[in-house]
Amino acid sequence: MKEIVLTGKKRGMVVLLGTIALYLLAILGLVFGGMLGSGVLIVAGVLVLCFGWLLLPGLKVLKPQEALVLTLFGKYIGTLKGEGFYFVNPFCVSVNPAAKTRLNQSGDVKTLSAPVSTAATGGASANLELSSKKLSLKIMTLNNNRQKINDCLGNPVEIGIAVTWRIVDTAKAVFNVDNYKEFLSLQCDSALRDIVRLYPYDVAPNVDTTGDGIADDGSLRGSSDLVARRIRDEIQRRVDEAGMEIVEARITYLAYATEIAAVMLQRQQASAIIDARKMIVDGAVGMVEMALERLSANDVVTLDEERKAAMVSNLLVVLCGNRDAQPIVNSGSLY
């Protein structure tokens with residue numbers, strides 16, 4: 001289905017003024033027909049008053065960044081785009097299958113009445129409501145609910161994304177899919193699952209996230225921009241046939257699932273403690289080496305191997321301990 005943009009239809013004001021003038025003439029015809037006893041004027045006036053309103057359904061008003069998809073007896077005839085006062089065939093019908101669908105996104109009309117049905121699509125609720133048949137061409141944001149997905153290591157994580165999108169081909173959006181809003185929400189969920197399962201939550205050894213056969217440092221937490229771009233490209237590939245453009249996709253929430261969050265926190269704490277201890281030991285060994293070198297270089301004191309071992313032991317205990325050292329003065333000899 002190829003989009004056809006209707007041009008030269010901004011004759012709404014002319015038709016409206018002409019209809020008003022036609023009604024005034026019909027009223028005058030009835031008056032003068034009654035005064036002159038002319039049946040022709042009376043019949044013409046009655047016909048105009050009865051059927052002149054048929055022109056009014058052809059008047060269409062569009063605001064900036066709005067579009068109207070029109071069909072005539074089931075056949076697609078074109079799309080009105082851009083602000084203006086239009087007049088089209090009065091028998092044309094506007095089509096928007098997603099007009100009554102309200103997703104958790106910007107651009108949707110607020111509920112005017114109690115919802116009569118609910119459809120769950122990829123974590124986004126959809127309520128039937130009163131709304132217009134016009135299509136918005138503005139950039140809109142879809143906030144899908146958080147999903148629980150297993151990463152490449154099998155750990156369940158909760159992740160949420162925000163997708164900014166817009167319609168670029170109204171014919172494809174209306175006719176190629178049943179409901180373009182629900183279609184977009186479903187494809188967002190599916191693409192998110194396909195991409196997230198390729199990455200670990202945090203950097204893990206021997207994991208290939210790019211598909212080149214080489215392990216790398218990619219992760220959901222550390223490579224959020226790269227993951228977001230891959231999610232955006234994947235969604236775009238899936239919604240091309242629906243005439244939509246994905247402007248951007250961003251991760252809005254990322255955390256371990258509640259059932260393993262506490263265990264993973266302990267794991268992170270243990271890893272942090274080990275890293276800190278390694279740093280402390282490395283620093284302590286360097287300080288001991290420096291102390292022995294300075295003592296030997298300045299001939300402050302001559303130490304045999306046993307005294308050096310005792311000194312090293314005492315210094316490491318003082319430097320690596322997590323409590324303040326309690327000095328003991330030894331006035332005697334080591335022997």
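Reply: Let's begin with Arg146, which lies over the face of Tyr253, 3.6 Å from the ring centre; a charge counts as over a ring if NZ of Lys or CZ of Arg is within 6 Å of the ring centre and within 35 degrees of the ring normal. This is a predicted model, where local features need pLDDT of at least 70, side-chain atom pairs count only at pLDDT 80 or more, and totals for chains, interfaces and linings use all residues. Residues are numbered from 1 along each chain as its sequence is written, and side-chain values use heavy atoms, leaving out hydrogens and water.

Searching the whole structure gives 4 aromatic pairs (rings of Phe, Tyr and Trp, the last by its six-membered ring, with centres within 6.5 Å; planes under 30 degrees apart are stacked, over 60 edge-to-face, the rest tilted). One of them, Tyr201 with Tyr256, is tilted, at 4.0 Å centre to centre and 35° between the planes. Both Tyr201 and Tyr256 are buried (under 20% relative accessible area, with a 1.4 Å probe and protein chains only).

Now for the core. The largest nonpolar core has 39 residues, a core being a set of buried Ala, Val, Leu, Ile, Met, Phe, Trp, Tyr and Cys residues joined through side-chain atoms within 4.5 Å. Among the residues with the most contacts inside this core are Trp165, Ile167 and Tyr180. Helix 4 gives the most to this core, 7 residues (helices are DSSP runs of H or I, at least four residues, numbered from the N terminus). A second, separate core of 8 residues includes Leu68, Leu70, Tyr86 and Cys92.

Note on methods: Buried means under 20% relative accessible area, exposed over 50%, partly exposed in between (1.4 Å probe, protein chains only). Helices (H or I, at least four residues) and strands (E, at least two) are DSSP runs, numbered from the N terminus.
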